[in-house]
Amino acid sequence: MLLTTPTGFVDSKTGRQVLLRGVNLSGSSKAPVDEPTHFDDGFWERAEAAGHSFVGRPFSLEEADEHLRRLKGWGFNFIRYPIFWEALEREGPGKYDYEFMDFTIEILKKCKEWGFWVFIDPHQDVWSRFTGGSGAPYWTLPLLGVDPKALHDTWSAVVHHEWSPKDSSQPDPSELPSMIWSTNYGRLFSQTAFTMFWASRDFAPRCTIDGKPVGEWMQDSFVEAFGILSDRITEKAPELLDDCIIGWDGMNEPFEGLISYDDLTVLPTKQGGVLKKGPTPTPIQGMRLGLGMVQTVEDWGFGQFGPSKNGTVVVDPKGVKLWVDPEQGAKWDKKWGWERGESWTLGTCPWALHGVWDLTTGECLKPDYFQNVPSTSRGPPLPPHEGEGSPSHLHERRNSASYFMLAQDLASPDFLNHYFTPFFEKLGRRIRKAHPNAILFVQPPVFSTPPTNIPADLLERAAYAPHYYDGLTLVSKHWNWFNADALGLIRGKYGSVLPAVKIGNGAIRKSLQEQLALFIEDTHVPVVVGEIGTPFDMDNKKSYYDRRYKGNFATQETALDASLNGTDGTNCLNFTLWTYCPDGTHEWGDGWNGEDLSLWNLDDARRHLKAWSAKNAAALKKQSTVSLPPMLGVEDSNLTLAASSSSSPGPSSTPNTRTPPPSVRLRVRMPGAMSTTTSLSMSTAAASVVNLFLKDQIPSFDLTLWQTFALGSRAVRAFARPYPTHVAGVVNRIDWDIAKALFKCSVNPTSALKVGDAALKDEQAGVTEIYVPLIHYASESVLTSGHDDDVDSMTMPEEGEEVVDLDVKCSTGTTWRVVGQKVLWNHGTSKESGNALVWIEIRRKGGVLPFNDLIKGRRTMGKGASKDPSCADGDGCVVM
């Protein structure tokens, strides 16, 4: 079990500090298998019929070992595991998908087998995938009185498959602008849904379901769905608790809706607020659009220097209304089984119903309606939890200021303390009912500091889980020679924008490290940066399609290394990268709203295989057997191609039309067994790789261990970075020079790091473990020998295998040895604080690896590899 301290996490079994670094698994889980957001094929009809199960997300059970092996090989020890309300309760209120829950438990068991710690993330983006994001079930839209098919015409939400470029009436999801999905937070549906979710009792008292304020009704449904999952895990696999699943996140990136909004007639002016891009209505304009009224709204773009106003544009819903007519609404109410309050009139805007604006004139009557809490009662406080008397008011609860220090917030303190905290407590207590030792990860709205009134008993096992992205790079999909201290601006560090501008890579890297340090100042509990990453489809996807840059991820590596460098230095932060998607492609990225942040991509795996096997391309004519690398959707890597097979479809000419997965006929040759012929129905992604061997004539060859971990990765040098996983003492500083493959670390070896019953055990006393990535430090044998890569193998490089070649210097009196991809550094401990730091430096003995040559197949690496004849010197050189 991991324990929490002001300096970080402590392993109760060894008493050593643990640094948690890993990945979100997975961005692909935002939708069911084979239903990426650009597909339109029967989207709304499927939604109304309760959709498809999420079984198979993030990947199949059969594929799990190979995916998890790759993540472990990259040095990750931590997984943030997104799960979606829709996946749990898609068929209707109280109708839970136990098959999906049981499938999830089996995947989590695999995570435990591979030695990962996990925290579960109740994930959402702009409410639901039916409103352009992910999260809530379809039925929550009818619950709120919304006609989902009217979202597009009224600009109440941007939905990927319905996106139409300017001057076009036909959808073309391939033209969806970068990050425009996030502008949905500034559009009517998300503004309404989140305001209702948090505060319908205060701001929309006429909107009730089954006699409850609709917000409380939704919160109860959300909390119980994840509570049922927690119960199921405890019942079916109690061994996962604490040793694998260490805790639960709160709602991902909670949005405050319109709460505390100053003036509904203007756009927000706060830095770091909702992204302005494309047609951007004010809240009152959004309300008018929702009732079919023509509006002239501001039109925004996003360029090299950030957002800028381009002018105005006329938006005409052509009379389409977002709010469902009463007759259809009554049918939906009956179908889904709830009773709507009589005072909730369907077919009209609920905010007009509460006097915010006039339906006849369109005039905004109460522009500051959401600025202050109405004088109506907030309702009863949360019920008391076991062992505590009934609190009279949240503000009177035990003070927790020693845990979280309030700074200038993007979200109003009123929202955080009065709305966020009660929900966090409700969810946390429900989870703790099944998992008493669960660490609760506090995640306030993006860039906000945490609330000040979370009950102290919940904070005894808690962590702070903010998110951080380099926003300029994320939205522009370009690494600039300048950037800005965005978090410093939001926190009021500067009086104007100009002093926040940072010029040059050195200044940018320093600024990112300083920004992430602010998260540490916010709290006295461990910090985990829950999301951090960079886009890989930068500069119009030149790394994919431009002959001069194809396969070159140098820019992405620079950007990702700069962000992750922010977690190093004296910050020494825990993090989970966004994201790892097993089915990503160059054309559609992660399969969600045009995002492309996955560390692994199927098309890059194909490119690597072509490069590595170029020398033996002619060999396929003399044989019918190919050795497929793992992770390609087949149960065994030795396949004999039958006489005929289907061909993989190319990019669809109609990108929003779904293409069914092809079926490939394969003869599977199991070691030591007779060959059998079978037809395997595989995912489109897996089948495309099988086709690669057929169509592109890739011959059989054995992957080296280095290739196994490099296959399909992007910017791997940036994220497969050394770090101390277990520290005998407290880590003081981490520095990583990617160009020199030089790692430096210093540790305070004080053994006073004790929590509860945890104390340094004799066999590990004074030993700090450092992950040293094979990607950077591989020995010659790893680069030149074929590797027996059994998909079902649970083996990783261990003691006795010389997989890394190191040149190590360390403090006098300290010693080290290598076990697989780990350095065991014995520096001893001291019971007295304030002793001198101990330090270590690690280089590769044979010099920095020639990545360009290795990735392009220019250097012999195992049977069948050679220089890629298609890559001339200086053309298309690769940085993974």
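This report looks at salt bridges and one β hairpin in a predicted model.

## Charged pairs across the model

Let us begin with the overall count. Searching the whole structure turns up 44 salt bridges. Side chains of opposite charge can pair when their charged atoms come close.

## A pair within helix α4

E106 and K109 join their side chains in a salt bridge, with an N to O distance of 3.2 Å. Helix α4, spanning residues 98-113, holds both E106 and K109, and the two sit three residues apart, about one turn of the helix.

How exposed are the two partners? E106 has a relative accessibility of 33%, so it counts as partly exposed. K109 is at 24%, and therefore K109 counts as partly exposed too.

Next comes a salt bridge between the side chains of D561 and R509, at 2.8 Å from N to O.

Is D561 buried or exposed? Its relative accessibility is 4%, which means D561 counts as buried. For R509 the value is 23%, so R509 counts as partly exposed; the cut-off for buried is under 20%.

Together with R21, D568 and R721, they are linked in a network of salt bridges.

## A buried pair, 110 residues apart

The side chains of R714 and D604 form another salt bridge, again given from N to O, at 2.8 Å. Here too distant parts of the chain are linked: R714 lies in the loop between α20 (705-710) and α21 (716-719), while D604 lies in helix α18 (residues 602-612), and the two are 110 residues apart. Both R714 and D604 are buried.

Now for a look at some strands. Strand β24, residues 730-737, pairs with strand β25, residues 742-748, in the antiparallel sense, and seven bridges connect them. Among the residues involved, D737 has L742 of β25 as its bridge partner.

What lies between the strands of this hairpin? Four residues separate β24 from β25.

Conventions: Residues are numbered from 1 along each chain as its sequence is written. This is a predicted model: local features need pLDDT of at least 70, side-chain atom pairs count only at pLDDT 80 or more; totals for chains, interfaces and linings use all residues. Side-chain values use heavy atoms; hydrogens and water are left out. Two strands pair if DSSP finds at least two bridges between them. A salt bridge is a side-chain nitrogen of Lys or Arg within 4 Å of a carboxyl oxygen of Asp or Glu. Buried means under 20% relative accessible area, exposed over 50%, partly exposed in between (1.4 Å probe, protein chains only).
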